[in-house]
Every structure is written in structure tokens, then in C-alpha cells.
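Good morning, and thank you for coming.

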Amino acid sequence: MQNRVAARSNSTVVFLNFQIEDIVTRIQDETEGVPIRTVKSFMTKIPSVVTGADIVQWLMKNLTIEDSAEAMHIGSLIAAQGYFFPISDHVLCLRDDGTLYRFQAPYFWPSNCWEPENTDYAIYLCKRTMQNKTRLELADYEAENLARLQRAFVRKWEFIYMQAEAQVKIDRKKDKIERKILDSQERAFWDVHRPVPGCVNTTEMDIRKCRRMKNPHRVKKSVYGVVEEGTQSQSPIHTSLHHCRKGTKEDVEKEILFLNTQLDRHCLKMSKVAESLITYTEQFMEYDPFVTTPEPSNPWTSDDPTLWDLEMSKEPSQQRVKKWGFSLEEALKDPAGQDLFLKFLESEFSSENLRFWLAVQGLKSVPQQDVAQRVQDIWAEFLAEGAPSSINLDSHSYEITSQNLKDPGRYSYEDAQ
Amino acid sequence: MGEMEQLRKEAESLKDQITAARKAVQDSTLQEAAAGITVVGRIQMKTRKTLRGHLAKIYAMHWSTDSKLCVSASQDGKLIVWDSITTNKVNAIPLKSSWVMTCAYAPSGNLVACGGLDNMCSIYNLKGKDGNVKVMRELAAHTGYLSCCRFISDTEIITSSGDCTCILWDIETGTQKTVFAGHQGDCMSLAVAPDFKFFISGACDFTAKLWDIREGTCRQTFGGHESDVNAIGFFPNGNAVITGSDDATCKLFDLRADQELITYQDSSIMCGVTSLAPSLSGRLLLAGYDDFNVNIWDMLKAERVGKYMWKLYIPLENGRKVDPAEDSEGSCRVAAGTEH
């Protein structure tokens, strides 16, 4: 566990990548990996591809997964990051059939922490328009993106155009087959960083964690090696701070105080604690719809709300009554239980205790302006001399409570309760 | 030896004593104690309802205590209250700031709250006189993003923030009642105890802290995670705390034994936990992960008994942030994703 986390630099994406890259390297191995080959199609050859089905099979065998759905899921995760991609689709997902996939070049791997700027993306789209092949026509969303970028970069468009031209020149010098492969890998890279609308952007970080990225490996350079003086784009979460508090003497003193109280605390034995948790779960298992199917049926699965009607009713089922036996809290949670308990106390001449308890509970959620009045009302009803429903309080609590009443507040009766 | 040096030594020695005291009570483990219990058997999860309507990533959701209504917050700048049975929208509340990260439903059902990068917690009254839902209060004092908020009642709410503190607010006056400081990293989430006397917070300093609401002090700190604690919850009886972290594990800490009881991990799980919720009996733990899975754990035996996988990458129905929340009856699990 240690080295996994150490390599993470506070980024879940980077963490995941180390595991994935291990798999991706193994899967391309010449002897132990999937069969990557050239496929003949119509008039051309498609180099360096493998079928989705082969990938799924390999995953199941080499990661010891029994369920093909799980293999599909892991495969889709890897595809979403762009480690392999369908050669004829922008949507990065894995299909368990004859769809052809190609592996991404290590240069473009997410672990290199690319954060490509829009200038790079503009160069790429511009370059695509210069290549007169119908296969490489821009998709609708790409055309829209290009138009938007042209408006945004109106002043530097000449520069971008020149860079695109330079890239095209370099590409032309390459071997035809190599170009096919590189072109598709480049396209897949952009499918990850500028995904098709409606697809999840896997490069998006949780914005809460973004600010704290102390990753020094974050590469800000251009994918095309373009050097220019531009300003960095400000992200909306760009805030200053964040304080890294250095331990002062006060801090350590406070810590010592805290540690002393901790030490004084009595720790219960694990066996006792385990037993109490186990007992609790056993008591409540029959009420847990995930474990025990409720009678008559679970309304979420059967669309029959009878269960909920029964629970709201005034006539509790035997099962419901049993729950009241677990603890006073359980009984009082259920309104029918509350009623019954009140009746019982009345029969024993002590209902005023419960009513006092309930009144004080109610006081806690009464609007501020009414608090003082309610406090007085409760005193008059339950605690004053000759009160109609006087309750028994030991003299100590009585003292404390009368003191509290001098400055009445919601919790004046906390002690008495 | 300088004074600082001496103080630090004292602190270290105390920590060692505490570790020794904790070890001294380790006469058994939860797994050993649970060895004899019947297994739970595989749990199959199916989508029962899909709530459609948001136009962007849904960051958070929270159930109402009646287990029928829930509220969700999305970065399309809306807070939506759903009737989860009919899947109808009861309220659609436009927000001032669309960078919302959390939302909460008051136990009474009268109020909802939300907040995010605006560093504020905004309270909305659902039961206003004229039927319109309006902002009731804007609680501003945090110097960092609002990561989580939970109501104690209609008059009090607790918030956790990226400024490493949690605050208890008086909603009526809009003022801070108590500031809970102590975490050394962004507070990511919080949960209130069933008896409303305590609450727990998980932070990016890899720890979870138990706070006494009335006293305003930190009662206990639980360490052991190797990365940010993203999600936190109470065991149903309030005696134990469950945490979920970026280190791909969940842990169960007992309050009375003051230490970790068990860790829920598997070598095939390689990504962080984003949210969690125990089932009603506490026997099962549902945990949502960064890879869009929800794993269901047998809490006593630390074995995985089920899995729920989001469909990935079907355009117009994608899932990113999985945030499983259980209704108080535990009879349904709704995961909020970035559905459109």
C-alpha cells in the first residue's frame, strides 16, 4: 500500500494510472499479450489493431476475472483514459465484439500529465482541415470547436496556422503506415482531453482537490513543442491561500492537553465492543430491507406501497412492537409507541415525566423569539411550587435548573432531562 | 534541550502511551468475533428509479427523513427536490452560484441547504407562505469552499469547509455559534450522530475527528488512513464511525475502544472511495468509488457481498460522481450521477 500512495501526489487519476499502465504494457507483450495484427479491409490494410473481444478475453484470463461484465467495466475505464481506442469512433468505450482497437503511444499517456492548452487543440483542428482526406473530415462538434477557437484566438491565428502548416510538413515526411497509426493516436489523445459532448471527461479533477495539487510533474508544455509567450489560462477555482500551518509552541501545548485527556479515557475491550456491534446488527437484521425481504413486499421492488401504509398506521404489527423492546429511543421514535408509552405512564401516575421530557425536546426546535415564553410555560406547568403536573427532580438538578432560568435558553432544562 | 524540543518529546511520549493503551485492549478482532455468524449472501442491486432533469454534473444528494423525498445539487446551478417514488420534481431552485458541492435536507422537511465554491451555506425555506422557495439565510464566514452541511434542526446547521474548520450556525440569527478547529487539512465531509450530541468530520489530513457539539471540543481523533478521508458516516447505533478514503479503503472505528476495528479493502480496488452509507441494521456498508462502482461490504466479516456498476459512456446518460445515500429505511439505494 505504501508505494502506491507515495506515487500518487494527491491525484486519484495518477494513482489509478500506475496500475493501468502495468496492465497496458502486459497486454501488448509480444508473447503474453493480445494478438495485434494488420487487418485487410476493402482496398487498404489496417495496421496494428486488435478486436474488443480479444481484449476482454485477455483481461478475464490475466486479471482472473470470472464475470465478463467486470472485465468490460475495467476495460472501459482503461479505454476512457485513452490507453487504447476504437479506430473508427470518437467515443472511448470497449465493446466485446469485432470492433477494432489500437493502443495509445506512451508519449500520449495520461501519466505524462498533459494539460494541453487550447492553442494546441487549435493547431490540431487546423491541421486536420489541411489534410484533404474525406476520412479525416471534422466531426460536427469539432467544426464547432474550431469556429469557437478561431473567434477566441483571432489575434494569434496566423501563428496557429503557421504551426499547423509546420506540423503537416513534418507528418508528410513520415511513412504512410506510421502516419496512419500516429494520426489515430493523436486523435485519441484529443478524444480524451476534448471529449465528444455527452461523454465524461476523465481528465477532469475533483475541483475540491485541484487547488491542492502539489504535483511537480504537471507538464505545461505544448504537445507539439510550440513555445510561445502566452499567459496561462486562469481556472475558475484559482484562489490564493492555502495556509500551511507551522506548529507553534501553543499548538504543541494544545496537543499535549488533548493527548492527556485521550490517555485518561478508558478504552473498552475490543471483544466487548465487537460483541455489542454484532448484537445490534442481529437485532435489526430483520428490519433491514437489504437483508430481509419485508412483508408483504418491498415497495421499491414491487411498486406496492402497502408496507409504508402499514408502518404509518396506528395499529402496529408484531414486528414493529418488538422493535420498541430494543430501547426507549426506538419506542419513542415511533408515534404509536410514544402514545402507548404515555398511556402506560399515565396508568402508573407518572405521565408528567414523559410529557416534561417531550416538552423540553420540543423547546429545542422552537423559534428563537418564543423560547423565553416556552421556558416559563414549562416551569409553570412542571416545576413551580404547586404546578399542575409537577415532576420529581432531585434537589441538585432543581438548583441548577432554577439558576439556568435566570438566563432562559433552549438548553435550560438539559440537566433536568 | 530547547523548550519546543521538550514539548515535542512530551507529545510523542503521550502518543506512544495512547498506542500502548489501545493495544492493551486488543484481546480480539471484529472478524474473529464475527466468525461464527451466518453469512449474508450475495446482494443484487438493480436500478429502480432514475431521476432525470439535471443538465450537468450532480455533485451531491441527500434524503429527507421520510425516505421519499430527496434533494440534489448540480453544477447546472439548480437544487432539485424529487419525489423519488413518482420521480417528479417537487421544487427546482435556481442558485446564485453554480459551483455547488453539497446539499442537505432538514429533518423536519421544511428547509434545504447548499453551498460550494462560494464559501457560503445558503438555506432555503421550502414551506414559505406564498409557495415560492426563497433564500432564507446566507451563512458566510468560511474562508474556504463548503464541502458538506448537515442540519441538526430547523434552527441549527453544521458545515465543513476547505478552510479546515467546521462551524455550528444559528440559522435564525445567521451567526456562528461554535467553530470546530483542529484538522490540518480540508474538511471533506461530516455526519451527525443519531442522538444529535456529536458529529464526525473527515479531512484531507487523513484523519476523522469526533466533536462534542455543545462543548465545541474534539473528543477523539482517528488515524490510519493513508490519504484524504472523503466520506464519513455513523454506524446506526452511534457507537462507531465509518470512513472512506482516497487510499481505496473504508475503515470502521469504534468510539469506545478508541481505535480501528476493521478495514474494508481488496487488491482489485484501485481507486478512492467517494461516499458511503451503512444499511439500517449496520450489517451492510454501501460504498461508492471513483471508478463508478458501488461495492457492498459485509461490515462484520469485511467481505464484499455485492457490486453495482454504472453504465459508462453511453452518451447522454453518464455517471461520474457516484454518491450513494440510503433512505432511512434502507430499502432503496439511489445513486446520483451526472445524468442529463
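This is a predicted model. Its largest nonpolar core has 34 residues, and those touching the most other members are Leu30(B), Cys250(B), Leu252(B), Leu261(B), Tyr264(B), Leu285(B) and Tyr289(B). Which elements give two or more residues to this core? From chain A there is helix 11 (270–284), and from chain B there are strand 18 (240–245), strand 19 (250–254), strand 20 (259–264), strand 21 (273–278) and strand 22 (284–289). Helix 11 of chain A supplies the largest share, 7 residues.

Let us take one residue as an example. Beyond its neighbours within four places in sequence, Leu261(B) contacts Met270(A), Val273(A) and Leu277(A) in chain A, as well as Leu30(B), Leu252(B), Phe253(B) and Asp254(B) in chain B. There is also a second, separate core of 27 residues, with Ala122(A), Trp190(A), Tyr224(A) and Val226(A) among them.

I turn now to the annotation of chain B. In the span 51–92 of chain B, the end C-alpha atoms lie 13 Å apart, with 0% helix and 55% strand. For residues 180–221 of chain B, the end C-alpha atoms are likewise 13 Å apart, with 0% helix and 57% strand.

Finally, confidence. The predictor assigns the complex an ipTM of 0.85 and a pTM of 0.74. Chain B has a mean pLDDT of 84, and 91% of its residues reach 70 or more. Over residues 312–340 of chain B, however, pLDDT stays under 50. Where pLDDT is low, predicted coordinates should not be read in detail.

Notes
Residues numbered from 1 in each chain as written. Chains lettered and ligands numbered in written order. Predicted model: local features only at pLDDT ≥ 70, side-chain atom pairs only at ≥ 80, totals over all residues. Heavy atoms only, no water. Helix = DSSP H or I, 4+ residues; strand = E, 2+ residues; numbered from the N terminus. pLDDT = per-residue confidence, 0-100. Contact = heavy atoms within 4.5 Å. Core = buried A, V, L, I, M, F, W, Y, C linked by side-chain atoms within 4.5 Å. Buried < 20%, exposed > 50% of the residue type's maximum accessible area, 1.4 Å probe, protein only.
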